[in-house]
Amino acid sequence: MRVVAWVEGALLNQRGHLLPWSPVCLAIGIGLYFAIRFEPDARTYSGLSGLALLAIWASRRMSSAWAPLAIGGALVAVGFILAGARAHMVAEPVLKWRYYGPVEGRVVALDRSASDALRVTLDQVRIGDVPSDQAPRRIRLSLHGDHVPIVPGQRVMTTAHLSPPQGPVEPGGFDFRRHAWFQRLGAVGYARTPVVTAAPSRFEAGVRVAAVRMAISDRVREVLPGDVGGFAAAVSTGDRSGISAAALDNLRASNLAHLLAISGLHMGLLTGFVFVTCRVLLAALPALALRWPVRKVAAVCALIAATLYLLLSGGNVATERAFVMVSVLFGAVLIDRRAISLRAVAVAALLVLFLRPESLLSPGFQMSFAATTALVAVFGALRDVEVPRVPKWLRPVGGLLCSSAVAGLATAPIGAAHFNMVSHYGLLANTLSVPVVGSVVVPSAVLAAILAPFGLEAVAIHVMGIGLAWILAVSDWVSGLDGARGFVASSPGFVLPLFSLGALWVILWQGRSRWVGVFPMAFAAVFWGQGQRPEVLIADSGGLVGVMTEKGRALSKEKGAGFVASVWLENDGDGATQPEAAGRWPSAPDLVQRYPLEDFQLVHITGKRAAQQVTVCRPGELVVSAVPIKLTGDCAVFDPDRLRKTGSLAIRQGKLFSSADATGPRLWSPARPDGFSKSE
């Protein structure tokens with residue numbers, strides 16, 4: 001009875017706080033959909049729909065103490081259904097084989113790849129003789145050859161290498177196929193031949209906006225050349241194609257890369273500047289201030305600015321999320337509610353999850369709402385705390401340091417889990433940079449937009465460039481400090497969700513029982529470093545093998561498969577480069593690489609010449625080949641044909657795991673035979 005009384009009393013205290021828990025319940029359902037290893041059928045969705053309706057009906061007949069549990073259960077079911085519905089809604093054809101030949105399509109987006117090559121996204125695609133019903137609707141190409149000046153809306157053609165989006169580089173890792181599925185990308189690849197214009201530009205509504213964005217980006221880079229111009233274009237229009245890989249690496253190492261993404265910080269600073277400016281100007285005119293609701297008029301102006309910024313930035317997921325958050329904030333102002341509260345954050349999260357359930361898995365969503373929730377909770381708690389009087393000039397500094405520290409602590413576990421890196425001087429870099437964004441960059445960007453119709457925007461753009469040059473200088477200095485970045489190994493999959501749920505319990509629950517959330521956080525922290533990395537990793541192409549040694553992972557070759565190598569090393573928490581990791585291999589580089597392990601010998605065949613040297617395999621050997629091969633003898637052989645069925649492989653504690661087994665048959669990962677027996 002005491003337990004029931006405690007639960008009832010606790011939940012009664014939550015009656016006014018059910019809304020902040022709603023996105024948590026919805027997120028649990030969405031997470032469950034993505035975590036399972038099979039694709040639900042119609043009966044599953046029908047059953048969950050029935051359970052959700054039953055739970056809602058039952059909640060109306062339950063006591064006020066237990067009704068929130070029923071509603072929470074219904075939201076979990078709704079989250080699962082939403083994620084499944086979204087996955088089916090975005091379904092598009094996916095290329096089922098590797099292709100080399102003519103490609104034609106309309107340019108809809110431009111950005112840069114990890115290798116700093118210009119990357120173009122095409123729709124209305126034509127691929128050689130591939131039937132239209134089998135051709136992908138959208139593809140993405142990295143351009144390594146000469147090409148004409150490319151703008152959105154332009155129809156271009158080239159000769160390209162295409163392949164289906166690849167699965168995880170290791171079992172249980174990030175699944176690019178799933179990411180591409182929700183972006184409606186049916187193929188990715190590269191072109192080394194010149195890109196030429198196939199037809200004049202035709203502008204539809206969405207493409208016309210993209211063309212305007214690129215025109216503004218070109219004008220900004222014309223005024224501000226180099227990385228400063230690329231940075232200015234990124235924060236103005238979301239176009240990152242003008243910033244170099246070196247500058248981007250410095251921004252990441254100093255924890256300033258978030259300034260490149262048009263997200264909550266930029267949207268908040270912009271709309272806040274517009275809101276305050278409009279309110280001050282209107283209040284300075286007594287004839288208007290006495291007759292108009294100045295605060296609400298300023299909120300409408302801020303919403304208009306947010307909408308224009310959303311269109312100008314290309315409307316990516318991060319910007320849509322930020323737009324929803326500021327819309328909820330200023331909507332609260334219009335209906336005379338508290339603008340900044342956990343309820344407002346919850347409404348924004350609910351809207352984002354309803355519109356794009358897959359965003360739950362993105363680090364941008366997680367970091368954005370983690371920082372916002374923590375800031376609202378901490379500053380809300382500080383409202384009731386008496387602090388000693390400090391000089392007025394110190395208050396903004398204290399607020400900045402506090403907000404930077406809170407946001408940094410809230411997002412650090414998420415950044416470490418996704419990027420395997422911790423920026424040790426991120427607080428210093430953000431303290432020196434964020435005020436410049438709010439006081440110089442954003443006001444000058446707004447002024448440039450106002451002056452552009454008169455051809456006077458260059459002056460404001462130059463002022464914006466001064467602020468951005470300062471930020472780049474800070475990132476260059478901080479990233480060069482000793483120990484600027486640390487590396488952490490990947491955590492088990494349950495750690496981050498468990499840590500997040502514990503933190504949300506501490507923030508959202510009421511009373512002393514909120515501190516129960518510390519226990520799952522501590523449990524997650526203990527197990528963070530307990531995850532054992534695989535002893536052996538094998539790329540799905542067969543072109544690279546990595547073996548864990550006392551010095552770190554040893555790679556079978558120092559060039560090629562660079563992306564796979566970098567991800568493996570990052571997941572190991574290893575800051576070594578691929579050539580350094582290849583130097584750990586015990587034998588000298590050769591066409592056939594051999595590595596003796598405890599239970600077997602690993603043999604890596606890298607090409608056709610190497611395949612000619614190996615014709616027989618022995619028991620106890622595991623042969624990995626980058627080319628098709630047929631061997632006599634009794635051993636396990638993984639060549640490209642077999643690896644296409646299994647995906648990447650990992651050996652952990654003597655057992656072989658495949659990506660196909662870890663992912664299971666999903667919409668973005670069709671069912672395929674594993675390609676190996678469980679005894680191997």
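Biologist: Why is Glu222 called exposed?

Modeller: In this predicted model, Glu222 has a relative accessibility of 59%. The term exposed requires over 50%, so Glu222 counts as exposed.

Biologist: What makes Arg219 partly exposed?

Modeller: Its relative accessibility is 29%. Buried would need under 20% and exposed over 50%, so Arg219 falls in between.

Biologist: How do you know that Arg219 forms a salt bridge with Glu222?

Modeller: The closest N and O atoms of the two residues are 3.5 Å apart. The cut-off is 4 Å, so the pair qualifies. Both residues lie in helix H6 (residues 205–223), 3 residues apart, which is about one turn of the helix.

Biologist: What makes the contact of Asp572 with Arg553 a salt bridge?

Modeller: Here the closest N and O atoms are 2.6 Å apart, and the limit is 4 Å, so the term applies.

Biologist: Why is this pair said to tie together parts of the chain?

Modeller: Asp572 lies in the loop between helix H20 (562–571) and helix H21 (578–582), whereas Arg553 lies in strand S11 (residues 552–555); the pair therefore ties together parts that are 19 residues apart in sequence. Asp572 and Arg553 also belong to a network of salt bridges that includes Glu170 and Arg533.

Biologist: Are Asp572 and Arg553 buried or exposed?

Modeller: Asp572 has a relative accessibility of 13%, and Arg553 has a relative accessible area of 0%. Buried means under 20%, so Asp572 is buried, and so is Arg553.

Biologist: Why is the pair of Phe34 and Phe182 called edge-to-face?

Modeller: Ring centres must lie within 6.5 Å, and planes over 60 degrees apart count as edge-to-face. At 5.8 Å and 65 degrees, the pair is therefore edge-to-face. Phe34 lies in helix H2 (residues 18–35) and Phe182 in helix H5 (residues 176–182), so the pair ties together parts 148 residues apart in sequence. Phe34 is buried at 9%, and Phe182 is likewise buried at 9% relative accessibility.

Biologist: Why is the pair of Phe275 and Phe330 called tilted?

Modeller: The ring centres are 5.5 Å apart and the planes stand at 45 degrees. Stacked needs under 30 degrees and edge-to-face over 60, so this pair is tilted. Phe275 is in helix H9 (residues 264–283) and Phe330 in helix H12 (residues 317–334), 55 residues apart. Both residues are buried.

Biologist: What makes Arg666 lie over the face of Tyr33?

Modeller: Arg666 is 4.7 Å from the ring centre, where the distance limit is 6 Å. Tyr33 itself belongs to an aromatic cluster, with Phe34 and Phe182 among its members.

Notes. Residues numbered from 1 in each chain as written. Predicted model: local features only at pLDDT ≥ 70, side-chain atom pairs only at ≥ 80, totals over all residues. Heavy atoms only, no water. Phe/Tyr/Trp six-rings, centres within 6.5 Å; stacked < 30°, edge-to-face > 60°. Helix = DSSP H or I, 4+ residues; strand = E, 2+ residues; numbered from the N terminus. Buried < 20%, exposed > 50% of the residue type's maximum accessible area, 1.4 Å probe, protein only. Lys NZ or Arg CZ within 6 Å of the ring centre and 35° of its normal. Salt bridge = Lys/Arg side-chain N within 4 Å of Asp/Glu carboxyl O.
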